[in-house]
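Please keep the sequence and the coordinates at hand while reading.

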Amino acid sequence: MAAVDGARYRKHEAAYVGTGEALFALVFKNLLLTIVTLGVYLPWARTERRQFIWQNVEFDGHRFRYHGTGREMLIGYLKVGAAYVVLFGVPAALARVDPKLGAIAKAVGFFVLLVLLPLAIYGSRSYVLGRTTLRGIRFGLVQGAGGYLKIFLVGVLLTICTLGIYGPIMNNNLRRYMTEHVRYGSAAFGYDGDNRIAFHIAVKGFILSVLTLGLYYPWYLAEMARFHVEHTYIRGARGKLALTGTDVFWLLAVSIPGTVLSLGIAFPWITTHVMKTVLSRLSVEGVLDYGTIGNRAASGDAATDGLASALDVGLEV
């Protein structure tokens with residue numbers, strides 16, 4: 001192929017090279033230290049697990065690196081803890097003085113949580129990406145939490161008003177906004193997934209999943225995943241995903257019963273199997289000229305990552 005900007009059009013492949021045994025050893029050690037320290041070690045445990053996963057993901061022959069620290073996470077947790085005391089403690093205290101005032105405070109707290117949810121998601125992605133590098137080049141998420149919040153709130157309102165029909169469009173709009181704010185050094189990501197196609201995939205997936213008593217659901221997940229990846233691009237390269245419904249079916253068939261029947265002990269091996277399967281089918285095709293990509297400074301606050309984890313919307317494995 002002809003060279004373009006010092007690089008050539010080709011397939012850039014991803015892979016996962018970690019082992020279940022190594023992940024089990026890390027998880028077991030972290031569990032013991034978390035118990036012994038009465039939970040104090042948890043921020044370091046989460047950080048070490050991310051570092052392990054990241055450094056075992058390869059792209060184009062190079063490993064990712066995660067540079068977050070347990071100390072950052074601990075400070076973030078303390079901030080989140082203080083916010084929770086205010087958010088839930090104040091309404092409880094007011095309820096003892098005046099039940100009506102307490103009810104109003106709880107309603108306000110619920111609205112605050114609704115606002116915090118998208119801000120936590122955006123902030124968490126900003127922190128994690130800002131601590132992630134590939135080839136020494138740092139990822140990041142440019143400022144734009146307010147825009148993400150607006151799309152989320154309007155989307156929730158329209159989804160409620162349309163009895164869920166607007167949901168797929170809301171999700172696609174959120175993905176577009178988030179993706180277009182991601183940076184790899186000085187290079188911006190883009191997303192051109194059409195709302196109409198996303199809606200069609202979601203509606204078809206819902207109807208067929210209901211008619212087949214859920215059997216079609218893995219094929220819906222695979223089709224939507226391919227749609228998202230294959231409409232994501234960076235400069236002259238575009239994502240490709242060869243994941244099939246059969247792949248997802250067997251991943252779910254192994255993962256869910258395996259985790260439950262083993263009481264969680266098989267989690268490291270199941271995680272490894274899932275990562276290997278999905279990443280072996282993921283690639284980027286096109287021109288990626290690393291030499292023209294400048295670096296960027298670290299960004300993001302660990303507090304938002306802690307909040308996202310508390311709200312169960314964080315980036316976890």
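With which residue does Arg-196 form a salt bridge? The partner is Asp-194, and the closest N and O atoms of the two side chains are 3.1 Å apart. The model is a predicted one, and the distance is computed from its atoms. The two partners fall into separate exposure classes: Arg-196 counts as exposed, at 65% relative accessibility, whereas Asp-194 is partly exposed, with a relative accessible area of 25%. Elsewhere, salt bridges with shared partners join Arg-10, Asp-60 and Arg-135 into one network.

Across the whole structure, a search finds 13 salt bridges. One of them pairs Glu-13 with Lys-11, where the closest N and O atoms are 3.9 Å apart. This distance qualifies because the limit for a salt bridge is 4 Å between the side-chain nitrogen and the carboxyl oxygen. Both residues are partly exposed, Glu-13 with a relative accessible area of 48% and Lys-11 with 45%. A further salt bridge, between Lys-79 and Asp-301, has its closest N and O atoms 3.6 Å apart. It links distant parts of the chain: Lys-79 belongs to helix H3 (residues 70-97), Asp-301 to the loop between strand E12 (282-287) and helix H11 (302-310), and 222 residues separate them. Here too both partners are partly exposed, Lys-79 at 45% relative accessible area and Asp-301 at 35%.

The strands provide the next level of organisation. Ten of them make a closed barrel with antiparallel pairing, in the order E3-E4-E5-E6-E7-E8-E9-E10-E11-E12. On average, neighbouring strands of this sheet are turned by 25° against each other, direction ignored. In general, strands of a sheet pair through backbone hydrogen bonds, in either the parallel or the antiparallel sense.

Several of these pairings can be followed residue by residue. Strand E6 (residues 132-134) runs antiparallel to E7 and is joined to E7 by two bridges; the bridge partner of Thr-133 is Arg-138 in E7. Two bridges likewise connect strand E8 (residues 182-184) with E9, again antiparallel, and Arg-183 has Ala-188 in E9 as its bridge partner. E8 and E9 form a hairpin with two residues between them, and Gly-185 in the turn has a positive phi of about 65°. E9 then pairs with E10 in the antiparallel sense over three bridges, with Tyr-191 standing opposite Thr-232 in E10.

Helix H8 (residues 217-230) lies across strand E9 (187-191), strand E10 (232-234), strand E11 (236-241) and E12, running at about 170° to E11. H10 lies across E3, E4, E11 and E12, at about 175° to E3.

In soluble globular proteins, nonpolar side chains tend to be buried together. The largest nonpolar core of this model holds 28 residues, of which Tyr-16, Ile-53, Phe-59, Phe-64, Tyr-184 and Leu-288 touch the most other members. At least two residues of this core come from each of several elements, among them strand E3 (10-16), helix H1 (20-36), helix H4 (99-130) and helix H10 (267-280). H2 gives the largest share, three residues. A second, separate core has 15 residues, including Ile-121, Tyr-122, Leu-141 and Tyr-148.

Asn-172 lies in helix H6 (residues 167-180) and counts as buried because its relative accessibility is 1%, below the cut-off of 20%. Leaving aside neighbours within four places in sequence, Asn-172 is in contact with Tyr-191, Gly-193, Asp-194, Asn-195, Ala-198, Phe-227 and His-228. Phe-206, by contrast, is placed in helix H7 (residues 195-211) and is exposed, with a relative accessible area of 59%. Phe-206 and Tyr-217 are eleven residues apart in sequence, and their C-alpha atoms are 7.9 Å apart in space.

Notes
Residues are numbered from 1 along each chain as its sequence is written. This is a predicted model: local features need pLDDT of at least 70, side-chain atom pairs count only at pLDDT 80 or more; totals for chains, interfaces and linings use all residues. Side-chain values use heavy atoms; hydrogens and water are left out. A nonpolar core is a set of buried Ala, Val, Leu, Ile, Met, Phe, Trp, Tyr and Cys residues joined through side-chain atoms within 4.5 Å. Buried means under 20% relative accessible area, exposed over 50%, partly exposed in between (1.4 Å probe, protein chains only). Helices (H or I, at least four residues) and strands (E, at least two) are DSSP runs, numbered from the N terminus. Two strands pair if DSSP finds at least two bridges between them. Axes are lines fitted to C-alpha atoms, for helices over the stretch in contact, and angles run from 0 to 180 degrees between N-to-C directions. Contact means heavy atoms within 4.5 Å.
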